[in-house]
Amino acid sequence: MVDFVNRSERLFHLDLKGAAPRIEYYKKIFPLVASLGATGLLVEYEDMFPYSEPYTHLQAPYAYTPGQIAELQNLAKQNNLSFIPLIQTLGHFEFVLKHDRHRSLRELDPYPNSLCPTHPEAFPLVSGLIHQMVQMHPTIKHLHIGADEVWHLGKCPRCQDEMMSKPINAVQLWLAWIGTLARWIKENYPNITIIIWDDMIRTASLDLLKESGIGKLVEPMVWQYYARNFNLPEGMFDKFAEVFDTLWVASAFKGATGSTQFMPPLEQHISNQLTWLAVIALHAHKFKRFAGIALTGWQRYDHYAVLCELLPMGIPSLALCLRALTRGSFNVVDHEAVSQALGFQQKINITPFPRPQILEQGMTFPGHKIYLGVQMWSNFIAQYKAITSSEGMVGWFSTYLRSRNFTNPVQVETIMNPLSEVHQNLHELRDHMSVWMAEVFYQDTIEEWIGCFIDPILGKIENLLEECKKHILLGGRVRYYPIRNCVQAQGHE
Ligand SMILES: [Zn+2]
């Protein structure tokens with residue numbers, strides 16, 4: 001079963017809809033991921049692509065320049081990595097639909113997720129974006145046009161009319177849109193093979209798929225990120241094999257276990273690869289060609305979500321996952337080999353939860369300071385949570401007791417002292433992370449990460465410390481005693 005995977009592509013997915021790395025970071029990690037077994041890149045630019053007129057407004061503040069896009073492709077080439085750009089064309093179109101000028105193209109006005117495929121301006125817009133992307137990638141052989149998770153598909157009045165009059169169902173609406181786009185791409189760029197996410201047609205009937213002609217237009221990439229029990233319909237691969245010649249699949253090395261996840265649960269991600277190997281062994285032979293696996297690493301769950309694991313947090317996971325895929329199994333020898341390759345003094349901790357845990361040492365891989373910093377951060381957060389749910393806090397410093405100035409300084413000190421320590425540690429880490437993150441990321445990512453994950457906690461701790469100080473100054477000298485008198489007395493004030 002290893003053969004299928006070793007003879008095909010192993011794509012390192014770069015999701016750039018948040019925390020996009022500087023080009024300098026790619027220079028460091030491309031040789032590493034190539035040496036670890038990656039054969040190509042699947043690059044989802046989202047708003048990091050330098051769209052030109054009339055779409056310049058789609059660019060993020062630190063979007064790559066055309067020169068950087070060329071450099072990225074050169075770096076890939078130097079490291080023998082194939083290059084597949086990914087552009088969303090129906091669902092997950094938030095980076096376009098969030099703009100007022102494109103709002104009328106939403107499938108449902110309140111939600112920026114999905115594009116309306118029957119809107120007369122939809123095709124000119126999407127084909128315009130694709131054109132710009134292909135122009136800037138003159139040597140690509142594949143283009144991934146996404147199209148997963150198209151929520152609200154066929155819900156707008158125009159689409160409903162279209163579906164009623166033909167009549168067609170929502171899946172056919174999806175097939176018609178993808179068909180139109182794919183035919184246009186093939187006509188204009190005949191050397192490009194089109195890839196799609198498969199989830200919208202997982203349960204489509206064989207007849208529907210066949211009569212749509214989709215099988216000659218695109219290649220499906222079946223994604224599944226669970227550790228073990230894959231949630232794919234019975235008979236799906238047999239059905240796909242009757243429609244499509246080629247199969248791609250996608251696993252995950254990070255960004256798939258929680259929208260606020262900060263460290264990949266490595267055991268789960270390794271299991272995800274091993275389960276894929278078993279599934280590939282069962283089904284890949286049914287297709288004329290097994291094209292490969294993309295190891296996805298999601299940066300956020302959608303355009304609006306907070307960041308999940310930063311890319312450097314996922315490098316050990318990516319390395320372990322590639323090892324499992326290329327070896328066809330995962331054992332202690334693999335574990336040790338990858339750990340050594342990344343500089344870990346001991347075997348990589350593949351069960352990093354629950355926190356706090358001992359910090360790992362010796363790492364040398366690019367971005368390792370961030371890997372260490374986030375481990376420190378998660379330990380401090382765990383300490384903070386332990387303090388705020390401690391007996392001293394819950395039993396002697398509750399909101400009720402505090403509101404009545406009825407606290408025992410002995411107990412308040414048991415909260416304040418460790419809290420001061422966490423505050424100091426977190427504050428120092430904040431400074432370090434700003435520097436460490438600047439080696440990999442642009443300023444907006446640093447501000448976002450610190451603004452989401454450090455500053456709010458620092459603020460909460462500072463408020464609590466102020467409260468503690470106030471109550472220690474009170475020295476247990478309260479106006480009313482016992483409490484029930486206190487409540488009565490307040491009633492008279
Ligand atoms: Zn519509």
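User: In this predicted model, what makes the residues of strand E2 count as buried, and which way do they point?

Analyst: Buried means under 20% relative accessible area. Gly40, Leu42 and Glu44 point one way from E2, while Leu41 and Val43 point the other way, and all are buried. In general, side chains in a regular strand alternate between the two faces of the sheet.

User: Why is strand E2 (residues 40–44) described as largely enclosed by the rest of the structure?

Analyst: Five of the five residues of E2 are buried, so the strand is largely enclosed.

User: What makes E2 and strand E3 (residues 82–86) a pair?

Analyst: The cut-off is again at least two bridges. E2 and E3 are joined in the parallel sense over five bridges, and therefore they count as paired. Leu41 stands opposite Phe83 in E3. From E2 the chain crosses through helix H3 (residues 66–78) to E3, in a right-handed β-α-β crossover.

User: How do you know that helices H13 (residues 368–388) and H18 (residues 455–474) are in contact, and which residues meet?

Analyst: Contact means heavy atoms within 4.5 Å. Ile381, Tyr384 and Thr388 in H13 meet Ile457, Lys460, Ile461 and Leu464 in H18. The residues of this contact comprise five nonpolar, one polar and one charged. The two helices pack at an angle of about 35°, with their axes 12 Å apart.

Terms used
Residues numbered from 1 in each chain as written. Predicted model: local features only at pLDDT ≥ 70, side-chain atom pairs only at ≥ 80, totals over all residues. Heavy atoms only, no water. Axes fitted to C-alpha atoms, helices over the stretch in contact; angles between N-to-C directions. Helix = DSSP H or I, 4+ residues; strand = E, 2+ residues; numbered from the N terminus. Nonpolar A, V, L, I, M, F, W, Y, C, P; charged D, E, K, R; others polar. Buried < 20%, exposed > 50% of the residue type's maximum accessible area, 1.4 Å probe, protein only. Right-handed = clockwise from strand over helix to strand, strands pointing away.
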